[in-house]
Amino acid sequence: MNTLLIVASLGLTIGVYSLSRFIYLRGNKHPLLNVLFLSTFLVIVVLRVCHFTYDEYVSCKDIISYFLGPATVALAVPLFKNRLVLKKYSIPILVGILFGSLSGMTTTVLMGNVTGLSRTMTMSLAPKFVTIPIAVEIAKYIGGDQALVAVFVAVTGLISSAFGPTLLTRLKVTDPVARGIALGTTAAGQGVAVGLQEGEMQGAMAGLAMALAGVVTALIAPMLLPLMR
Amino acid sequence: MYIKLLWQTGILCVFSWVGTQITERLHTSIPGNVIGMVLLFVFMCLGVIKLQYIEDAVNVLLKHMLFFFIPIVVGLMNSGDLIYKSGLALVASIVVSVVVALTLTGIAVQKLGAGRKYLRTEIQLAIQIIGTDLSPINILTEDISGGGVKVISKQLLEIGTQLNCTISNSKLGIIKANGEVVRTEKKDQDFRLGINFTEISKRDRNKLIDFTYRMGEHAAINTSEANARSYSIPLENTD
């Protein structure tokens, strides 16, 4: 019975993902056709229609989520491919990412306090700039909710990649390295996609920033966030 | 094909597992997958793990990364009310922090002077490059700037190769510089090699800046809009 559930929920997830990806590609990769949102929506619809509970579906979670480990490890490759640029501009890149990560988290906590969000909400928002597998792990330590974090990361990526390039141009940030780093630091995977549309350099830098911002945030978040209340 | 993918994913899993073990044994707050990533990066830099050992699996995993989050996000069906209640505050928090972080990161990196500082001119010039263990190669440039050149080469030189470059042109005179290959790409039958000047006299550098600025005005400069915006023109070198 249990095995059957696992196979069924795995099949459902794979099917729904393939369908969402198909829609996304058919829709010319429109940012609003976010594959994660579409898939989640479809899974929930199927579960509701067939009267299944989350607990019955969640049997496949451990198997699928396991691969987030190797997927994060894989981020070493964009870092490695751009190591020469990293070496050359190490100071601007590292300072920029540190600035971005610190200011992003601080603003999030401040905004949370101002608007009266619960502690769990604020702690789920705080790591939202980094790529989902790292954000989910950080959330575990600082007391955020994993499902919320994943959604917030996706929404943040959506907003940042939609308006980021225009904002950067308005601010006269025209340097390809600076644009790529800013997009990768604030929009993670979606920043890389937008960066690649602008140019090879922007895309490569966004990939590098995504990996580095993950490391930087993982290092400072567990120390910084408990201090801010 | 699938066997290869499995085997490559296995390598990544080992790094992930080692990272998790380190986190657990040392009781650190750094996620195990981040430690695994840093370890893999170090091993790749040391040359123990070559890019081709893992590249296919990496491409597949990064391309389909969103798939692995679906079960986690479906967990929202139990906390939908929460988002609905504080929706506005959430959006406000996200928008404000995105604007702040984007602005600070972008401006910090740009002000600290990363990236190209030079105008680039697309022009074919004769260039001779000599490496330490290479016979002189006479080829053409694809573009040139005060910071480096891109050359069209039949021969692929490895990234990091140190070179002696000599450019001769009736308008420029003779320019000598030491450079390093920083980028390579394959285009049709040839290769494009990006060479950064590591050692060049101030006079020659100014001559190049001057040249690109003059040519840039009426010759074909780099046409991609994103790049064309990105060069600051050093005004003291205008004539």
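Predicted model: local features only at pLDDT ≥ 70, side-chain atom pairs only at ≥ 80, totals over all residues.
**How chain A and chain B meet**

The contact between the two chains draws on 94 residues from chain A and 68 residues from chain B. On the side of chain A that touches chain B, helix H8 (residues 90-115) of chain A supplies the largest share, with 15 residues.

Helix H1 (residues 2-26) of chain B has the highest confidence, at a mean of 91, whereas helix H8 (residues 225-228) of chain B has the lowest, at 34. Over residues 217-239 of chain B the pLDDT stays under 50, and for this stretch the model has 40 contacts beyond four places in sequence.

Within chain A, helix H11 (residues 146-170) packs with helix H12 (residues 176-198) at an angle of about 75°, and their axes are 8 Å apart. Because angles of 65 to 115 degrees count as roughly perpendicular, H11(A) and H12(A) are therefore roughly perpendicular to each other. The residues that meet here include A:Val153, A:Gly157, A:Ser161 and A:Leu168 from H11(A), and A:Arg179, A:Leu183, A:Gly191 and A:Glu198 from H12(A). By class, the contact of these two helices, H11(A) and H12(A), comprises 10 nonpolar, 9 polar and 2 charged residues.

Notes. Residues numbered from 1 in each chain as written. Chains lettered and ligands numbered in written order. Contact = placed C-beta atoms within 7 Å. Helix = DSSP H or I, 4+ residues; strand = E, 2+ residues; numbered from the N terminus. pLDDT = per-residue confidence, 0-100. Axes fitted to C-alpha atoms, helices over the stretch in contact; angles between N-to-C directions. Parallel < 35°, antiparallel > 145°, perpendicular 65-115°, else oblique. Nonpolar A, V, L, I, M, F, W, Y, C, P; charged D, E, K, R; others polar.
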